[in-house]
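I set out to record what could be looked up in this two-chain entry. I take the strands, the chains, the contact between them and the core in turn.

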Amino acid sequence: MRRLLAVQGRRKAQAGVSLVELLVAMIIMGVVTSMLVGTWLQLNRSAEFARADNTAGATGRDALDRISAEIRAAQPLTTASTNPFIFTMSAPFVNDANDCVFYSAYNNALTASQSGTDGKAQLLPTAIWLDTSGTTPQKKLYWERDTNKDGVFDSGDKIMLLASNVVNTSASVNKPIFTYFFCDKTGAWTQSTTLTTTTVANLVAVQIELVIDSNLSYKPSYVDILSTVRPRNVGNTN
Amino acid sequence: MRHVWGKRGAATARHGARGFSMVELLVTVLLAGIIFLAMVPLFVGVLKRTSTDTRRVVATNVAQARVEAIRLLASTLGPTPTSITEPVGYAAITTANLNTPGFASGLFATSFPAAHGGPPYKVTYTVTPDASATAASKVVTVTVSRPGIDSFNTTLTTTIKNPTAVVATSTSGPTDPNSPHQLTVSFKNWQEVKNVKVVYVNTSPTPNVTTTATPLTQQPSSGATTCVWTNLPGGLGYLYTVTCTPQSPSSWGSPLVSESFHLISDGFVKFDTNPGGS
């Protein structure tokens, strides 16, 4: 009898769990696991967003600083000319809402062929231009200089990517990168998104606005970065 | 007795290995659910705060750009100066002007539509002292906010200096260009000239006023080979010329006339009465 009871006790102790208990446990574990996985994914996404946001913001600010310095240092090609900007190029190398072209020696290392001159040879056509090709709203903004000195922008020139996530031309944004402000000798102010041989004489300032998408992988997150530049060598005498 | 103890021990062991009942499990799940639900507002708050931070960054960028523009263009914002004493655009930096949407063709727009959508940011300006053309400096405060959406205000302050502020009573440092100055006229050979005259034109009034400085003419001599005029009006508003007549007819023409010049400090003019010679 004692032996029988012992066997029954052992069998009862080793009976395990019922199917219902197992299912409930699995459901609970499933719920908890899915919550943990969701939280983990969200944390990863947040970290990625923070990285992308920081990188995009820093890239945008760097690009804005570079553009500001270049435009501030724009110079006329000859001392007789008061116009440091160029109008004879074809798109995208023109002065409009998304592009700006000018003569500049900024950050131009002196070469042997340029030494011993009055420095004029260092003034090269320089362009800040937006590559609007492609269907994605994020566009690439480039800096380019006519370093092979053939008077046009071509494959032999130095080109540098300033920012790759510019969304100024996105349908939901549609903001000019360059806005030109003019003041004539009567003190009247006007603004435009283009420069002409007539208006450049009264150019006072260039407002630059970059709209950066800092969340490329997910829902767009747009940040406006802007600055105002006064070219040192424009013809305005006000 | 051992048997009873044995039975009780087995019962206790069986009770201890029984696990949780369904009711206990459900209550636990319910409690866990309540705790997680209580944490939801925390997550929502964090997400909302992240979004607010983005808008705050944009607001700061806008405020910085406005401050930059004001500092950069402070001397350009007003009407064209007509004299050196006019404070150029400085006087135009007023609370009313900066808060006018069309001022400077909208360069300081009081509304900024952000690319991320939603209501535009509101930009307001305060200038202290306001509407003063003579104060040595002005403090400009730029505040960017989104009324009704976000509770934050981003405020930046800058100081604009009066570009034409001149310390007229200073006894050291550069001379005030508008104060009276002395003009000395000398000659390569004082014996070859006579009737030296200084004429200046006041270009401020219309028509301009031409005056011959006193003494009206001077004659260099062996005792004083230079001619000196004192107390002449200075500044860019007066245009000077010096003339003299050769003692004898020459190929230089008569009278000899200097280039026009402004007198912004004590000046010195020398006539070469024998160009290329000794």
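Entry 1: I began with β6(B) and strand β7 (residues 209-212) of chain B, which run antiparallel and are joined by four bridges. The model is a predicted one, and I read every entry below with that in mind. For one position I noted the pairing: Asn202(B) has Val209(B) in β7(B) as its bridge partner.

**Entry 2: another partner of β6(B).** I next checked strand β6 (residues 193-202) of chain B against strand β9 (residues 235-246) of chain B, and found an antiparallel pairing over eight bridges. Within this pairing I located Val198(B), which stands opposite Val242(B) in β9(B).

**Entry 3: an open sheet in chain B.** In what order do the three strands of the open sheet lie? I read the order as β8-β5-β12 in chain B, with mixed pairing. I asked why one side of β8 and of β12 is left without a neighbour in the sheet. Both β8 (227-232) and β12 (267-271) of chain B stand at the edges with a single partner strand each, so one side of each has no neighbour there. On average, and with direction ignored, neighbouring strands of this sheet are turned by 15° against each other. I also looked up the link between strand β5 (residues 181-187) of chain B and β8(B): the two run antiparallel and are joined by four bridges. Here Leu183(B) stands opposite Trp229(B) in β8(B).

**Entry 4: the chains one by one.** For chain A I counted two helices and eight strands, and along the sequence I read the pattern α-α-β-β-β-β-β-β-β-β. Of the 238 residues in chain A, 33% are buried. Among the contacts in chain A between residues at least 6 apart in sequence, 58% join residues at least 24 apart. For chain B I counted three helices and twelve strands. Buried residues make up 22% of the 278 residues in chain B. In chain B, 61% of the contacts with a separation of 6 or more come from residues 24 or more positions apart.

**Entry 5: where the chains touch.** How many residues of chain A are in contact with chain B? I found 29 residues of chain A in contact with 27 residues of chain B. On the chain A side, the elements that give two or more residues are α1 (2-13), α2 (19-72), β5 (178-183), β6 (189-192), β7 (203-213) and β8 (222-229). The largest share, seven residues, comes from β8(A). Sorted by class, this side of chain A has 15 nonpolar, nine polar and five charged residues.

Entry 6: The largest nonpolar core has 79 residues, of which Ile208(A), Leu210(A), Val62(B) and Ile93(B) touch the most other members. Apart from it lies another core of 16 residues, including Val196(B), Tyr238(B), Leu263(B) and Phe271(B). I then followed Ile93(B) and set aside its neighbours within four places in sequence. The contacts of Ile93(B) that I listed are Ile70(B), Ala74(B), Leu77(B), Leu98(B), Val127(B), Lys138(B), Val140(B) and Ile160(B).

Terms used: Residues numbered from 1 in each chain as written. Chains lettered and ligands numbered in written order. Predicted model: local features only at pLDDT ≥ 70, side-chain atom pairs only at ≥ 80, totals over all residues. Core = buried A, V, L, I, M, F, W, Y, C linked by C-beta atoms within 7 Å. Buried ≥ 20, exposed ≤ 12 C-beta atoms within 10 Å, placed from the backbone. Contact = placed C-beta atoms within 7 Å. Nonpolar A, V, L, I, M, F, W, Y, C, P; charged D, E, K, R; others polar. Pairing = 2+ DSSP bridges. Axes fitted to C-alpha atoms, helices over the stretch in contact; angles between N-to-C directions.
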